[in-house]
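Subject: Structure for your review

Dear colleague,

Please find below the structure that I am handing over to you, together with its sequence. My findings follow it.

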Amino acid sequence: MKHKVEILCIYLTGLIQGLVLVVVPAASLVFTDPGKFGFSSSEYGLLFIPQVLTAIAASLLGPSFARRWGMKAVYRAGLIFNILAMVLIAASQLICPDHHAAYILVILGTAFVGAGFGTTLPTINVYATNFFPKNSASALTVLHTLLGIGTALAPLLVTIFVKQIGWWLLPVIAVAALVLLLMGAFILTLSDERPVLASGSTREVTSEFLPPRVRAFMVIVFLYGFCETIFANWAIIFLNKEKGVQIDQAGYALAAFWVMVSAGRLLISIVSAVVSPKWVYRILPLLIMGSLLAVTKASTPVAGILFFALAGLSCSGFFPLTFSFGQKGFEPIAERVSGWIMAAYMLGYGSAAYGIGKMIELTHLSLGTCYLYSIVVALGIVILSFILTQQESNPAV
């Protein structure tokens with residue numbers, strides 16, 4: 001029974017972590033509304049730079065901290081970071097009329113979001129693998145599906161709360177859930193045992209800090225992070241301000257994106273039994289290219305929901321497959337490889353989150369034009385996906 005409670009605690013952490021990660025993007029129209037917070041496009045984009053930096057630092061330092069103080073201590077720290085993030089972001093509503101003070105609270109909050117994400121996600125990945133060592137791929141698929149469900153719930157809940165009470169209720173609810181999980185983290189055993197590293201690697205591990213092949217996967221996941229973020233962080237602003245879609249319907253489009261990210265991961269795990277994962281890896285970037293073009297044609301709320309759902313499907317399996325392919329043959333340094341791939345993804349995330357806002361401010365380009373220009377980035381993913389999987393056997397999804 002106690003073991004089942006531990007499993008429930010870890011998997012619920014994945015759900016809440018997804019919710020926490022998307023609170024600010026889900027409330028993007030609140031933060032950029034001149035009658036509320038009034039953040040400019042570049043100020044909104046800048047909110048995510050501390051999040052990127054702290055997530056990178058946490059993902060790179062987390063493994064060494066876990067070896068020194070134990071995985072459970074790192075897990076607790078991640079929950080505390082997430083609690084601080086939600087408290088700061090919710091508190092910004094109290095001083096909303098004071099533009100600078102509110103901005104400081106929100107940007108501090110996003111910094112803690114990054115620290116929480118970079119600390120918590122790798123830790124719960126290890127726990128999920130430990131719970132089901134013979135079915136680790138399925139265990140991780142379910143965990144990341146719950147993470148995706150959390151990200152899908154955030155825009156839906158913000159849309160509901162904005163109409164009823166206020167957007168700030170979402171981070172308050174997240175704090176309550178995180179406090180319960182933190183209590184569980186102190187009460188439950190949550191063993192630090194790690195799975196034995198795979199033997200018989202197909203590729204010789206050199207003494208190089210980061211082998212060239214790993215660096216290549218870092219490049220591709222950087223480009224992917226850019227494309228995913230231009231969908232996820234700018235969807236509501238794009239549909240509302242450039243396409244005239246109502247805020248609640250724009251929120252549904254973002255929710256559809258994250259729902260399809262989750263559903264797509266489950267679908268790919270099933271399809272991969274009959275279709276080579278390397279072909280899935282090659283096809284998804286082509287779908288990303290098509291989605292970047294499609295969303296610019298969204299002239300109605302229904303079209304916006306459908307096209308962003310397509311974008312979610314196109315992004316769904318690429319990130320976990322990158323980890324599978326990137327770590328293959330480098331099992332003895334899997335933690336290092338995983339950390340650097342995560343860091344590269346967060347750099348791509350930050351480039352789109354901040355860079356798009358700054359580009360709009362400096363060049364006065366529309367978001368629709370930015371989506372079109374991003375097709376070139378997706379083309380780079382297509383090319384690299386074919387090059388990096390030429391001699392690959394199928395990884396576990």
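The axes of helix 13 and helix 14 come within 8 Å and cross at roughly 160°. An angle over 145 degrees counts as roughly antiparallel, so helix 13 is roughly antiparallel to helix 14. Please bear in mind that this is a predicted model. By class, the contact of helix 13 with helix 14 comprises 11 nonpolar and 2 polar residues, with no charged ones.

Leu310 has its place in helix 14, which covers residues 301-315. Its relative accessibility is 31%, and Leu310 therefore counts as partly exposed. Leu310 and Ala294 are 16 residues apart along the chain, and their C-alpha atoms are separated by 8.8 Å.

Helix 13 (residues 277-295) also packs against helix 10 (residues 212-232), at an angle of about 30° and with the axes 11 Å apart. Because angles under 35 degrees count as roughly parallel, helix 10 and helix 13 are described as roughly parallel to each other. Their crossing, that of helix 10 and helix 13, is left-handed. Helix 10 contributes Phe217, Ile220, Tyr224, Cys227, Ile230 and Phe231 to the contact, while helix 13 contributes Tyr281, Ile288, Ser291, Leu292 and Val295. The contact of helix 10 with helix 13 consists of 10 nonpolar residues and 1 polar residue, and no charged residue is present.

Helix 5 passes helix 7 in a right-handed crossing. From helix 5, the contact involves Pro50, Gln51, Thr54, Ala55, Ala58 and Ser59; from helix 7, it involves Ile107, Thr110, Ala111, Val113, Gly114, Ala115, Gly118 and Thr119. The contact of helix 5 with helix 7 is made up of 7 nonpolar and 7 polar residues, with no charged residues.

Helix 9 was examined for its length. At 1.5 Å a residue, its 19 residues (169-187) should span 27 Å, and the end C-alpha atoms are 28 Å apart, which agrees. The buried residues of helix 9 include Leu169, Leu170, Pro171, Ala174 and Val175. Leu178, Leu181, Leu182, Gly184 and Ala185 of helix 9 are buried as well.

Two residues towards helix 17 remain to be reported. His364 lies in the loop between helix 16 (334-363) and helix 17 (367-388). Although His364 is not a glycine, it has a positive phi of about 60°. With a relative accessible area of 68%, His364 is exposed. Gly368, by contrast, is found in helix 17 and is buried, with a relative accessible area of 11%. Leaving aside neighbours within four places in sequence, Gly368 is in contact with Phe238, Glu242 and Thr296. Gly368 and Ala298 are 70 residues apart in sequence, and their C-alpha atoms are 10.0 Å apart in space.

Yours sincerely

Conventions: Residues numbered from 1 in each chain as written. Predicted model: local features only at pLDDT ≥ 70, side-chain atom pairs only at ≥ 80, totals over all residues. Heavy atoms only, no water. Helix = DSSP H or I, 4+ residues; strand = E, 2+ residues; numbered from the N terminus. Expected span 1.5 Å × (residues − 1). Buried < 20%, exposed > 50% of the residue type's maximum accessible area, 1.4 Å probe, protein only. Left-handed = near helix turned anticlockwise from the far one by under 90°. Contact = heavy atoms within 4.5 Å. Nonpolar A, V, L, I, M, F, W, Y, C, P; charged D, E, K, R; others polar. Axes fitted to C-alpha atoms, helices over the stretch in contact; angles between N-to-C directions. Parallel < 35°, antiparallel > 145°, perpendicular 65-115°, else oblique.
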